[in-house]
Every structure is written in structure tokens, then in C-alpha cells.
Amino acid sequence: MCNPLEESSGKNNNSSANKPKLTRQEVQKHNTKDSKWIIIDSKVYDITNFSKRHPGGARVISHAAGDDATVSIYSIQRSCPRSNETISLLTGTLADTPVT
């Protein structure tokens with residue numbers, strides 16, 4: 001599958017291996033206007049600032065804040081934009097999930 005917020009291939013010092021392991025409970029706390037985190041494929045992304053620039057509008061992506069957005073993202077996303085900005089959104093991985 002294509003994760004639109006996934007880090008690009010190649011060496012990257014912002015990879016998930018360098019990020020903290022987070023619990024779902026920790027992610028669920030980040031569902032406010034000032035802090036929005038989502039889970040995609042067991043990786044946690046901070047979309048707080050990105051949501052304001054989301055092509056579909058902040059409301060479209062913000063509804064998933066604090067929750068697992070994997071199914072929603074894959075059901076809507078048709079392409080795989082990858083950029084330094086999306087790489088920087090990676091905040092961590094779920095604690096109960098092996099790093100890939």
C-alpha cells in the first residue's frame with residue numbers, strides 16, 4: 001500500500017527507527033486544535049500544522065486526530081506525495097508494533 005505520509009526510501013535520519021514508541025493512549029490525547037496526531041500503518045504523525053495546509057481543508061484530516069486514520073487515508077488517497085515536509089511529520093511508532 002501507499003502511505004502518503006510515509007518517509008521516502010533511502011537513508012533518512014528521521015526514520016521511524018529513530019523515533020519514540022508511543023501508546024494509543026498517548027496518541028488519543030492529541031486530538032485538539034493545538035495538537036493533532038494520527039496513526040497510519042502503526043506510525044504516528046503530527047499533523048497539527050499540516051492540517052491547516054491540507055488540500056481538502058483542515059476539517060477533512062482533523063477528524064481523525066488522536067485516532068488510527070489508516071483506513072480513511074487509503075480509501076481517499078489516490079497518489080503518494082512524498083516530500084521533506086511529510087517526512088518531518090513522523091513523530092513515532094506504536095509501542096505494541098514492530099518497527100518496519
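A residue is called buried when its relative accessible area is under 20%, exposed when that area is over 50%, and partly exposed in between (1.4 Å probe, protein chains only). Thr-91, with a relative accessible area of 17%, is therefore buried.

The structure is a predicted model, in which local features need pLDDT of at least 70 and side-chain atom pairs count only at pLDDT 80 or more, while totals for chains, interfaces and linings use all residues. Residues are numbered from 1 along each chain as its sequence is written, and side-chain values use heavy atoms, with hydrogens and water left out.

## The chain as a whole

Helices (H or I, at least four residues) and strands (E, at least two) are DSSP runs, numbered from the N terminus. The protein chain has five helices and six strands, and from the N terminus on these elements follow the order β-α-β-β-β-α-α-β-α-α-β. Of the 100 residues in the protein chain, 42% are buried. Its accessible surface is about 6000 Å², and carbon and sulfur atoms account for 51% of that surface; such areas come from the Shrake-Rupley method with a 1.4 Å probe, and for residues only the protein chains shown count as cover.

A contact means heavy atoms within 4.5 Å. Among contacts between residues at least 6 apart in sequence, 75% join residues at least 24 apart.

Strand E3 covers residues 35-40. Six of its six residues are buried, so E3 is largely enclosed by the rest of the structure. Ser-35, Trp-37 and Ile-39 point one way from E3, while Lys-36, Ile-38 and Ile-40 point the other way.

Two strands pair if DSSP finds at least two bridges between them.

| Partner of E3 | Sense | Bridges |
|---|---|---|
| E2 (residues 31-32) | antiparallel | two bridges |
| E4 | antiparallel | four bridges |
| E5 | parallel | two bridges |

Particular residues show where these strands meet. Thr-32 has Ser-35 in E3 as its bridge partner, Ile-39 stands opposite Val-44 in E4, and Ile-38 has Asp-67 in E5 as its bridge partner. E2 and E3 form a hairpin with two residues between them.

E3 and E4 also form a hairpin with two residues between the strands.

Strand E6 (residues 90-94) is mostly covered, with five of its five residues buried. E6 runs parallel to strand E1 (residues 21-22), to which two bridges join it, and Leu-22 stands opposite Leu-94. With strand E4 (residues 43-46), E6 pairs in the antiparallel sense over three bridges; here Val-44 has Gly-92 as its bridge partner.

Thr-91 lies in strand E6. Its side chain reaches the backbone nitrogen of Asp-46 at 3.2 Å. Leaving aside neighbours within four places in sequence, the residues in contact with Thr-91 include Lys-19, Pro-20, Trp-37 and Tyr-45.

## Nonpolar cores

A nonpolar core is a set of buried Ala, Val, Leu, Ile, Met, Phe, Trp, Tyr and Cys residues joined through side-chain atoms within 4.5 Å. In soluble globular proteins, nonpolar side chains tend to be buried together. The largest core in this model has 11 residues in all, among them Ile-38, Ile-40, Tyr-45, Phe-50, Ala-69 and Leu-90. A second, separate core of six residues includes Leu-22, Trp-37, Val-44 and Leu-94.

## One salt bridge

A salt bridge is a side-chain nitrogen of Lys or Arg within 4 Å of a carboxyl oxygen of Asp or Glu. A search of the whole structure finds one: the side chains of Asp-68 and Arg-24 meet at 3.7 Å, N to O. Asp-68 lies in strand E5 (residues 67-68) and Arg-24 in helix H1 (residues 24-28), so the pair ties together parts that are 44 residues apart in sequence. Asp-68 is partly exposed, with a relative accessible area of 32%, and Arg-24 is partly exposed at 36%.

Definitions and conventions:
A polar contact is a pair of N or O atoms within 3.5 Å; within protein, one must be able to donate a hydrogen and the other to accept it, and residues adjacent in sequence count only if both atoms are side-chain atoms.
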